[in-house]
Amino acid sequence: MTVGSELLRRLAISLEHERFEDGWSGLKRIYTAAEKADPNNIEVLISLAVSALDWMEEWHIPKHQTWLQIALDAEYALNRAAAIAPDDADIFFRQGLLYYNHPASHEPQSSYQRKALSCFEHAHALQPDHQMAILYQAHCYHDLGVWLSTYQSYLAVDMDSLLSQYPAWLWRKLKRDEQLALCAAKLGKTQEST
């Protein structure tokens, strides 16, 4: 990692929530300069993807077409990062998040939920204690209506481990418990659901 690349990456992160005259392209130029300074710096590529996920929010940019371009930029960055570091579970987790939140994921016949699930499963295989990958696997199964797999995945999440890493995410435990109750009901486990 070169100093210039890291400084540019940090600059982009610090400006992530600013309004650029030319929108996403302005922020992306900083990331592009960081990548040119060190083409193998996966942190630059992952940071670009994280910024892109934030920019795909409706409050940030209300244009669906722009979201699609941002998603393509993030996908390109994560694919490059995966080629450089194919054993990095976090890259595949981020790729799963991208597909899970992709602007076209709710269109009929979309394959993004399955792509997201595949990425989360791969991240989990690479790092079996990646609790967020397990949690998002469950979310994908839930969205696909595969109730037994959803139930088993939610049970597999070690919430104590997750909360030790991210204490402010107590709400995720509450949401997971709510989802477990729904799964139990869908599987006919009425007493457990109650």
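**A helical chain and its buried residues**

At a relative accessibility of 17%, Glu 35 counts as buried, because the limit for a buried residue is under 20%. The model in which this residue is described is a predicted one. Glu 35 belongs to helix α2, which spans residues 24–37. With neighbours within four places in sequence left aside, Glu 35 is in contact with Val 44, Leu 45 and Arg 80.

The protein chain that holds this residue contains 11 helices and 0 strands. Read from the N terminus, its elements follow the order α-α-α-α-α-α-α-α-α-α-α. The radius of gyration of the protein chain is 18 Å, close to the 16 Å that the globule rule gives for 194 residues, so the chain is as compact as a globular protein of that length. Along the principal axes, the C-alpha atoms fill a box of roughly 60 × 35 × 30 Å.

Of the 194 residues in the protein chain, 45% count as buried. Among contacts with a separation of 6 or more, 58% are accounted for by residues 24 or more positions apart. The protein chain exposes about 10400 Å², and 54% of this area is supplied by carbon and sulfur atoms.

The largest nonpolar core is made up of 56 residues. Those with the most contacts inside this core are Trp 24, Met 56, Ile 91, Phe 93, Leu 98, Phe 120 and Tyr 136. Helix α3, residues 42–55, provides the largest share of the core, with 9 residues. The contacts of Phe 120, apart from those with residues up to four places away in sequence, are with Phe 93, Gly 96, Leu 97, Tyr 100, Ala 133, Tyr 136, Gln 137 and Cys 140.

Gly 96, one of the residues touched by Phe 120, is found in helix α5, residues 89–100. Gly 96 has a relative accessible area of 0% and is buried. Not counting residues up to four places away in sequence, Gly 96 touches Ala 116, Cys 119 and Phe 120. Between Gly 96 and Ser 118, which are 22 residues apart in sequence, the C-alpha to C-alpha distance is 7.5 Å.

Leu 78 lies in helix α4, which covers residues 64–84. This leucine also counts as buried, at 0% relative accessibility. When residues up to four places away in sequence are not counted, Leu 78 touches Ala 49, Ile 91, Arg 94, Gln 95 and Leu 98. Ile 91 and Leu 98 are also among the residues with the most contacts inside the largest nonpolar core. The C-alpha atoms of Leu 78 and Val 44 are separated by 10.0 Å, and these residues are 34 apart along the chain. Val 44 is also one of the residues in contact with Glu 35.

Arg 172 is part of helix α10, residues 170–186. Aside from neighbours within four places in sequence, Arg 172 is in contact with Met 132, Leu 135, Tyr 136, His 139, Met 159 and Leu 162. Tyr 136 in this list is also touched by Phe 120.

Definitions and conventions:
Residues are numbered from 1 along each chain as its sequence is written. This is a predicted model: local features need pLDDT of at least 70, side-chain atom pairs count only at pLDDT 80 or more; totals for chains, interfaces and linings use all residues. Side-chain values use heavy atoms; hydrogens and water are left out. A nonpolar core is a set of buried Ala, Val, Leu, Ile, Met, Phe, Trp, Tyr and Cys residues joined through side-chain atoms within 4.5 Å. Buried means under 20% relative accessible area, exposed over 50%, partly exposed in between (1.4 Å probe, protein chains only). Helices (H or I, at least four residues) and strands (E, at least two) are DSSP runs, numbered from the N terminus. Contact means heavy atoms within 4.5 Å. The radius of gyration is taken over C-alpha atoms; the globule rule is 2.2 Å times the number of residues to the power 0.38. Accessible areas come from the Shrake-Rupley method with a 1.4 Å probe; for residues, only the protein chains shown count as cover.
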